[in-house]
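Biologist: I am new to this one and would like to learn how to read it. Could you walk me through it, feature by feature?

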Amino acid sequence: MSVVPADVLPGSALAVDEPAAYAAELGPRARLWPSLAAVYRAQLSRARVARIPLLFVATFQSIGIMILMRGVVDDGAEAQAVVAGSSVLVVAFVALNLLAQYFGQLRASGGLDHYATLPVPPAAVVLGAAGAYASFTVPGTVVTAVFGCVLFGLPLAHLWILVAVIPLAGAALAGLGAALGLLAPRPELATLLGQLGMSAALLLGVLPADRMPEVVRFARDLLPSTYGVEAFARTFGPNPDWAFVLGDLAVCGFVGVVSLAVATWAYRRAAVR
Amino acid sequence: MCAVRGLTKTYPAVRARRGAPGTPEVRATDDVTLDIRRGEIFGLLGPNGAGKSTLVRQLTGLMRPDRGSVEILGHDIVRHPERAARILAYLGQESTALDELTVSLAAETTGRLRGLDVRRARAERDDVLDELGLAPLAGRPLKKLSGGQRRLACFAAALVGERSLLVLDEPTTGMDPVARRAVWSAVDRRRAERGTTVLLVTHNVIEAETVLDRVAVLDRGRVIACDTPTGLKEQVAGEVRVDLVWRDAAPLHVPEVAALRDRAVESGRLWTLRLGPEEARAVVATVTGGAAFAALDDFTLATPSLEDVYLALGGAVQQGLVKA
């Protein structure tokens, strides 16, 4: 079907061996920020196709948990922990669990080849996807927080703290999710690890801490979502201690930086085998 | 433009575990040496499992070979695999990374990740979608398209952000004739205007014969022949292929038919024979006259195809190539 004989093509050198020293100019490299923006935008658009799992399931789950806990906890510190925990659980579900599954499947199916054969910095792919998954949690977290405050009669005054909690807890959990998904040797393992991470966030984040045994409390301290929950829960009090809130958020931010760096390394490792 | 020397990759043996049998060590590419010239459509032909995709993954920097070298346009891809992405565009067999995007966004994003700015990426996206007749589908997610349309959309993404080498792994799988024609005319236009080189992986014999300038035939990781399709077919020019389709079973009570059985490749009711022209004429005369004719459903006589070349060269897999 090809109608163009190869030897009449412009610049053709069919019969001649190209000299070894000759090296053609490379195509442009995609720079970090523009390609991060492109990946972020593309990932964000997936919410239109996969609306139900990405936006709704987590919210329904958290609202259900709060309704269940309504009859169990008193209206004081425990209620604050439940509302904060349920809100951050939305972040854990989407950013940790779903992102781990996404990267696990992408890696297993060979979908990473698409990115690996484009001149895009690994950090752009990981941060773009993590950012998009963190963004998917915004509506669910806000709805859960508002619903919880109304349900338990908590003040709505300091809900603006979500503006800091969602991105920082989102970075920490999405980084963890991406790293788990990219490091898991099989997609089922990525799914399992994501589920376990989310279950841990559920059990250790929603249930009030002071009733737990020492070992569980230690595990709670190791989980990054805990610091998001604590920071958020502190703001419900009459006189929030903002220094502690900042401290908790700083832990989230630190874990976010480390886990995203690990995820970027894991991506590099997964892309070339 | 692309020189491959002694490329070897061995997949290690996998030990048997509970529920999963072990597999022995597999040499997926075995001392492969190739030269691809600028502006040609070079094909890798072979049945499934011949090592085509493994070879392509090593050429695109996705996999490190155990031994050997790959040089594309003067760049050492084994030492600098990251440079491959700036020289070539790769269309793999999987579309999972793009499945949930719209056709338009898949092409635009791919272009931006090839280093184009937003305006260039959008302009090239519009041109490519128009060229391939995808404009009416631009707003649909790839997931919702048919297999052939999805493949065409991935091909469109591969074309945005011009590259001097296109590596296409079975690009036309599942496409209807209109889409196939769109693919080959897009390829031809780039060859004519920019001297683009194409490395095409295929197991489709007809496609290989019609579009390729040269073809390397792969079998179990080795290149068993490399020439133009015509040149390869001359190697078996003395032979004619006779296909006989019987109504239900072959009439083995006819002595002439019984005598042919040893030389035929049987696949259900179909017998395939490779014979000299004289012999072929005699066989056709036998089966179209006399007792055998009653049992015959259909027969064809054909000049050799690349499939016959593959078998004549000692290709081990009898049923791996597709004629469509």
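Biologist: Which hand does the crossing of H3(A) and H6(A) have?

Modeller: H3(A) and H6(A) cross in a right-handed way. A crossing is left-handed when the near helix is turned anticlockwise from the far one by less than a right angle, and right-handed when it is turned clockwise. The labels H and E stand for DSSP runs counted from the N terminus: helices are H or I runs of at least four residues, and strands are E runs of at least two. Keep in mind that this is a predicted model, where local features need pLDDT of at least 70 and side-chain atom pairs need 80 or more, while totals for chains, interfaces and linings use all residues. Residues are numbered from 1 along each chain as its sequence is written, with chains lettered from A and ligands numbered from 1 in the order in which they are written.

Biologist: At what angle do the axes of H3(A) and H6(A) cross?

Modeller: Two packed helices are described by the angle and the distance between their axes. Here the axes of H3(A) and H6(A) cross at roughly 30° and come within 7 Å. (Axes are lines fitted to C-alpha atoms, for helices over the stretch in contact, and angles between N-to-C directions run from 0 to 180 degrees.) That angle makes the two helices, H3(A) and H6(A), roughly parallel. (The term covers angles under 35 degrees; over 145 is roughly antiparallel, 65 to 115 roughly perpendicular, and the rest oblique.) Their contact has 17 nonpolar residues, six polar and one charged. (Ala, Val, Leu, Ile, Met, Phe, Trp, Tyr, Cys and Pro count as nonpolar, Asp, Glu, Lys and Arg as charged, and the others, including Gly, as polar.)

Biologist: Are H3(A) and H7(A) roughly parallel or roughly antiparallel?

Modeller: The axes of H3(A) and helix H7 (residues 187–206) of chain A cross at roughly 175° and come within 8 Å, so H3(A) and H7(A) are roughly antiparallel. The contact of H3(A) with H7(A) has 16 nonpolar, eleven polar and no charged residues.

Biologist: At what angle do H5 and H6 of chain A pack?

Modeller: Helix H5 (residues 122–152) and helix H6 (residues 162–183) of chain A pack at about 135°, and their axes are 8 Å apart. H5(A) and H6(A) are therefore oblique to each other, and their crossing is right-handed. From H5(A), the contact includes A:Val126, A:Ala129 and A:Tyr133; from H6(A), A:Leu162, A:Ile166 and A:Gly170 are among the residues that take part. (Residues are in contact if their C-beta atoms, placed from the backbone, lie within 7 Å.) By class, the contact of H5(A) with H6(A) has 14 nonpolar, four polar and no charged residues.

Biologist: How many helices and strands has chain A?

Modeller: Chain A has ten helices and zero strands, and its C-alpha trace spans about 85 × 35 × 35 Å along its principal axes. Chain B has eleven helices and 14 strands, with a trace of about 75 × 45 × 45 Å. The domain assignment, which is automatic or taken from a database, divides chain B into domain 1 (2–11 + 24–233) and domain 2 (238–302). Taken over C-alpha atoms, the centres of these two domains of chain B are 40 Å apart.

Biologist: How many residues of helix H3 of chain B are buried?

Modeller: Eleven of the eleven residues of H3(B) (residues 103–113) are buried, so this helix is largely enclosed by the rest of the structure. (Buried takes 20 or more other C-beta atoms within 10 Å of a residue's own, exposed 12 or fewer, and partly exposed lies in between, with C-beta atoms placed from the backbone.) The buried residues of H3(B) pack against H1 of chain A, and against H4 (118–131) and H5 (147–159) of chain B. Just after H3(B), B:Gly115 has a positive phi of about 95°.

Biologist: Where is B:Asp31 placed?

Modeller: B:Asp31 sits in strand E2 (residues 26–36) of chain B. B:Asp31 is not a glycine, yet its phi is positive, near 55°. With 14 other C-beta atoms within 10 Å, B:Asp31 is partly exposed.

Conventions. Two residues are in contact if their C-beta atoms, placed from the backbone, lie within 7 Å.
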